[in-house]
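Dear colleague,

My findings follow directly after it.

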Amino acid sequence: MIKNISNLGDAALYCDFGNEVNKSINSQVIKYFKTIKEKKYKGINNLTPSYNKLIISYDLKKTNFKEVKNYIENINAEDSIDVNSKRLEIPVCCHGNFSIDIKRLEEILKLSREKILENFLNKEYFCYMTGFIAGMPFLGDLDENLRAQRLETPRVKVPKGSVALTEQFANIYTFESPGGWNILGNTPLDVFDSSKEDKPNLINPGDTVVFKEITLDQYINYNEQ
Amino acid sequence: MSNNYLDIIRPGINTTFQDKGRDHLYHIGIPFSGAMDNRNYLIANKLVNNNLDSAVIEFAYQGPHIKYSGEKINCAITGDVIFSIKKKDTEIEGKCYESYEIENGDEINIISTNKSVYGYLALGGEFDLKFQWNSCSVNTKANIGSNDGKKLDVGQRINLKKINSNKDIKKTNYINTKIENIRVIKGTNFDYFSGEGKKIFYEKEFTVSKFSDRMGMRLEGHKIDNIVNTNIKSEGLIKGVIQVPADGNPIIMLSDHGTIGGYPKIGVVASVDYDRLVQMSPGSKIKFKEINLSDAETLFKLYEMETQNLLSQI
């Protein structure tokens, strides 16, 4: 349930679902997101679900805070649509060329490379949200033993496809971008494809993701199969 | 092939196609984009008898130098821009907010914006562009939109697929007013900052840093002290949000912003001042003034009425 609604500037509603990050709160956020998206209320032009917040932006020429707030308060998201989610296997290559931050992770986590991969691969992760850059999924929760802080100075360029960790989350850099997460591997899969206007994102909030290791050869041949 | 086209002799530093932008995509990580200064974008289209949501060429600082080939067409430039139009025998100094008829072989040379950032070039017709999600606005970071999501490049040819039959010459006396303060609404993490930090935010002048672009405007000069936490759990952003990262220097989210961010939000720029905010060039001084939500809504309504009024007089 939404605990509090306030304004974010003069053209957005800030819906607060709580402070914790967990699947149950996030599922509530996603439920509201999907319900409101279906209804296409006049003036609402964007919805941004995240771990425990939902930002609803609107066109100030068409509506205002009071109207949208009133509308949201009277929405029944609970019995609306099912959270329609899927389970995806993502191939990841953790060969030395790709696991750029493995040394750093070994030091911080005090675990061997093998142990890090064992704790990371073949586990189910929940997609809390997508964004920052187009299609980037925020996946969680990582094993307690894998939680590391961001790099102190973010990289100017993180390679496309990088699979990276920070705190209890993993993500995938959908294209080359600046970033400060710890890079563990790389996927040959296109996680964001702007030519597919209907479904540009492979992974969507509510989906479950499992990382499956592939070898360097499999990685190289992946897109030729 | 089209018989009416532009050749790019010099692209300028950050020249892109923009229109009204694209919505309903924040949840997958795609920002609004679109023309940064919406009012000047609309006026440019109106001056050349276009639909108001047509694509224009947006440039920042140094603009493009282009050569036109084809049948007669109108063009207009808005903003605070220094440019010239070179015809067969003469070269005329261009004036913003007036349309000009150009013909085969004429050149438009946009030298620079003057104490501002963005300018707009509209042609009376329709560029032949690819639309993505109902908009041809270019987002160079995600390579989304027309022109493969890239800036204009030297030597490029841009085709027009239509030329307006209405070739009436238009003119308006609009002047880009400067404002003393940028008005802001308190952000959702306002109380993360120290009493002194809050005071600095509203009382001191900040300087626009040169590390500013269509994604964000970085400010420097005074640091705002955080007393709670320099990170929040990542959540949605909108344009105009002012985030303060650990180093204490505010960053204002602009039209191509990342859709999610994890820094505390001290304030949000009121919609009424967005067009003027984006025109503040590096080195400009910014002072914030707090207003409440209902004043912000009223001020925007007035600003919008003024825009409509301006357009109806063209």
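In chain A, the centres of domain 1 and domain 2, taken over C-alpha atoms, are separated by 28 Å. The two domains span residues 4-73 for domain 1 and 87-224 for domain 2, with bounds that come from an automatic or database domain assignment. Please note that this is a predicted model, in which local features need pLDDT of at least 70, side-chain atom pairs count only at pLDDT 80 or more, and totals for chains, interfaces and linings use all residues. Residues are numbered from 1 along each chain as its sequence is written, while chains are lettered from A and ligands numbered from 1 in the order in which they are written.

The contact between these domains of chain A takes 7 residues from domain 1 and 6 residues from domain 2; two residues count as in contact if their C-beta atoms, placed from the backbone, lie within 7 Å. On the side of domain 1 of chain A that touches domain 2 of chain A, α1 (23-39) and β3 of chain A are the elements giving two or more residues. Helices (H or I, at least four residues) and strands (E, at least two) are DSSP runs, numbered from the N terminus. The largest share of that side, 3 residues, is from α1(A). By class, that side has 3 nonpolar, 3 polar and 1 charged residues, where Ala, Val, Leu, Ile, Met, Phe, Trp, Tyr, Cys and Pro count as nonpolar, Asp, Glu, Lys and Arg as charged, and the others, Gly among them, as polar.

Chain B is assigned domain 1 (5-163) and domain 2 (182-312). Their centres, again over C-alpha atoms, lie 27 Å apart. Here the contact takes 20 residues from domain 1 of chain B and 16 residues from domain 2 of chain B. Helix α1 (residues 38-47) of chain B gives the largest share of the domain 1 side, 5 residues. That side divides into 8 nonpolar, 7 polar and 5 charged residues.

Between the chains, the contact takes 38 residues from chain A and 30 residues from chain B. On the chain A side, β1 (4-7), β2 (12-16), β3 (44-49), β4 (53-58) and β6 (124-130) each supply at least two residues. The largest share, 5 residues, comes from β3(A). The chain A side has 19 nonpolar, 15 polar and 4 charged residues.

One of these strands, β4(A), is mostly covered, with 6 of its 6 residues buried; a residue is buried if 20 or more other C-beta atoms lie within 10 Å of its own, exposed if 12 or fewer, and partly exposed in between, with C-beta atoms placed from the backbone. K53(A), I55(A) and S57(A) point one way from β4(A), and L54(A), I56(A) and Y58(A) the other way. β4(A) runs antiparallel to β2(A), joined by 5 bridges, and C15(A) has L54(A) as its bridge partner. β3(A) is also antiparallel to β4(A), with 5 bridges, and I44(A) is partnered by Y58(A). Strands pair if DSSP finds at least two bridges between them. A hairpin of 3 residues connects β3(A) to β4(A).

In chain B, T113(B) is found in strand β9 (residues 107-113). T113(B) is buried because 21 other C-beta atoms lie within 10 Å. Leaving aside neighbours within four places in sequence, its contacts are Y61(B), G79(B), D80(B), V81(B), Y118(B) and G119(B). The C-alpha atoms of T113(B) and F83(B), 30 residues apart along the chain, are separated by 8.8 Å.

With kind regards
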